[in-house]
Amino acid sequence: MREGTAQKISNAILSGVAGFASFVFSLVAFLYITEFDGQVIASIVAGFFCLLISYIASERPNSENARALAALGERLLAVEHGDFTSPAPRIVRDSLPKLAAAVDGLFAEVRNSIENAHALGMYDPVTALPNRLHFRAEADKMIGTAEAGACSAMLFVDLDRFKSVNDSLGHARGDQLLIMVANRLRVVVTAEVGDGSSEQRSLLARLAGDEFTIFIPRISSPGDAERVARRIALAIGEPFELHGHGIEIGASVGVALSPDHGTSIETLMRAADIAMYRAKERGGSQYCLFSTELAAEHQAKIDTEVALREAVQRGEFVLAMQPQLSLVSGEITGAEALLRWNHPREGLRQPNSFIPIAESTGIIAEIGEWVIAEVASMMADWQQSGIARRLSFNVSPRQLDRADFFVSLRAAFASRHVPLSLIELEFTETAAMECSESVLAEIAALRADGATIAIDDFGTGYSNIARLRAMPLDRVKLDPSLIADIHTSEKARTVVQAVIQLIKGVGAEIVAEAVENIAQADILRAMGCETVQGFIFAHPMFEDDFVAWIRNAERGGHTAARDSAA
């Protein structure tokens, strides 16, 4: 208000001066100019003079505002170059002080918002630790300024069994547990490494989920890094008290050293990650130091994964049939289709060399589709040749995850006119225990339509006896580890006898795998095992050899079991 009033007073004074000057000029002109023409000219000149003075009086404040606004526009355009700190120009503060104050306040708020956004973008909101972006930037600086030949360490920490906490207690409790884990990690790093200078302090960060990482820019020896990793595994292994719940988790820790395992943050993180997964494969709650042997194994795994993706399209898989024989009648009751990979460079590869990788990457689902199609095709050919034998094949948990699995399975055999009574589906013990009610219903429907349902490798996983009793089930296949020593160990025989009685209690037939000698077969027969398969009777055979083997057994009129025993 004061500035506006002063401006009005200034304009009034200027207008008054202009009017008085015009009056004086006109008076002098009329007193001294007597001729009419001269008076007219004088009047015109006086009028223009008055107009000029009035224009100046009105435009003076407008021109100042225009210059102030132009200066303000230039200041705003400076934002394009990142200038958020310069104050409003002086001419704006003098001519339009309120606007200048508003602009300065706006830029202050923008600066605060940018700083807050930067903080949110660089730190984990749950644990307040640096996030992945911040960690990589700071670690890059540290390793870039390290002295030549200096040894540093990268530790990759992944929590064990954390998912079960989220599932059982909820994500809010899971976040609280992450905060407690972060605090323990801070304590361990400070106690084992120390704060150090700004250039030498260790960097602790949360990368994502339940993954943490620690970069130690300077260590005296690899043993120091291993000591920190061991201490972390012990600290996280101690129970956590969370709202009345005793939570027990663990930590798998991978350790990589610079310059031995890499000289960049990228290579060190990758090496530490590989080592961490090895620690987790060993059961977790421990650490593993990266090595060249581990790198070679990891590279071989990657190569296998890449080759697997092309193996189905290239037709590199084949099936080998291992006969199953009845210990009661000695007849061939069927066979199990075993997968083999005819690798173009490495030759025939056994399942244990690639199935775990196929499972972990999900490629097993595509391989499983090929197995089903191949089994259906073979059995259609066998029927036309007069051979009707039950053929079993494994079903991966990844296949069960597909919504159309059971529909496509039925369609594959229906299209080749193969009755479901000739197929047997084998599920792992773990998959059988964990499958949903809807999957159980689909399995029961297959069984009702004639398919045989079996649990494979029984004795290696966790079995819920009530679930085992309720599951639609025909046969249970004992894991080879259970029967390996039954001919030499009394304890082994006791365990197998107990397992056989348990399986008989749920109404299922027992099948023993990997039977290698007559002594094992005789003991299993005495214990009540109905069916066996193994090298003592027949090795896995490809289709042509298997068909010929079946035909020879039929023509000879002798049971395969008696022939093998002889």
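View 1. Strand β9 (residues 332–343) is largely enclosed by the rest of the structure, because 10 of its 12 residues are buried, where buried means under 20% relative accessible area, exposed over 50% and partly exposed in between, with a 1.4 Å probe and protein chains only. Strands (E, at least two residues) and helices (H or I, at least four) are DSSP runs, numbered from the N terminus. This is a predicted model, in which local features need pLDDT of at least 70 and side-chain atom pairs count only at pLDDT 80 or more, while totals for chains, interfaces and linings use all residues. Residues are numbered from 1 along each chain as its sequence is written, and side-chain values use heavy atoms, with hydrogens and water left out.

**View 2. The partners of β9.** Two strands pair if DSSP finds at least two bridges between them. Strand β8 (residues 317–326) pairs with β9 in the antiparallel sense over 9 bridges, and leucine 325 stands opposite isoleucine 332 in β9. The two strands β8 and β9 form a hairpin with 5 residues between them, and in the turn glycine 330 has a positive phi of about 80°. Strand β10 (residues 347–349) also pairs with β9 in the antiparallel sense, over 3 bridges, with arginine 349 of β10 as the bridge partner of tryptophan 341; here the hairpin of β9 and β10 has 3 residues between the strands. With strand β11 (residues 390–395), β9 pairs in the parallel sense over 3 bridges, and the bridge partner of glycine 334 is arginine 390 in β11.

**View 3. Helices α10 and α12 side by side.** Helix α10 (residues 292–314) packs against helix α12 (residues 363–384) at an angle of about 25°, with their axes 10 Å apart; axes are lines fitted to C-alpha atoms, for helices over the stretch in contact, and angles run from 0 to 180 degrees between N-to-C directions. The helices α10 and α12 are therefore roughly parallel to each other, a term for angles under 35 degrees, whereas angles over 145 count as roughly antiparallel, 65 to 115 as roughly perpendicular and the rest as oblique. The contact, which means heavy atoms within 4.5 Å, is made by Glu305, Leu308, Arg309, Val312 and Gln313 of α10 together with Ile363, Glu366, Ile367 and Trp370 of α12. These residues of the contact of α10 with α12 divide into 5 nonpolar, 1 polar and 3 charged, where Ala, Val, Leu, Ile, Met, Phe, Trp, Tyr, Cys and Pro count as nonpolar, Asp, Glu, Lys and Arg as charged, and the others, Gly among them, as polar.

**View 4. The meeting of helices α5 and α9.** The axes of helix α5 (residues 132–144) and helix α9 (residues 265–281) cross at roughly 115° and come within 10 Å. On the α5 side Arg132, Phe135, Arg136, Ala139, Asp140 and Ile143 meet Ile265, Glu266, Leu268 and Met269 in α9, and by class this contact has 6 nonpolar, no polar and 4 charged residues.

View 5. Strand β6 (residues 250–258) runs parallel to β7 and is joined to it by 3 bridges, with cysteine 288 in β7 as the bridge partner of glycine 254.
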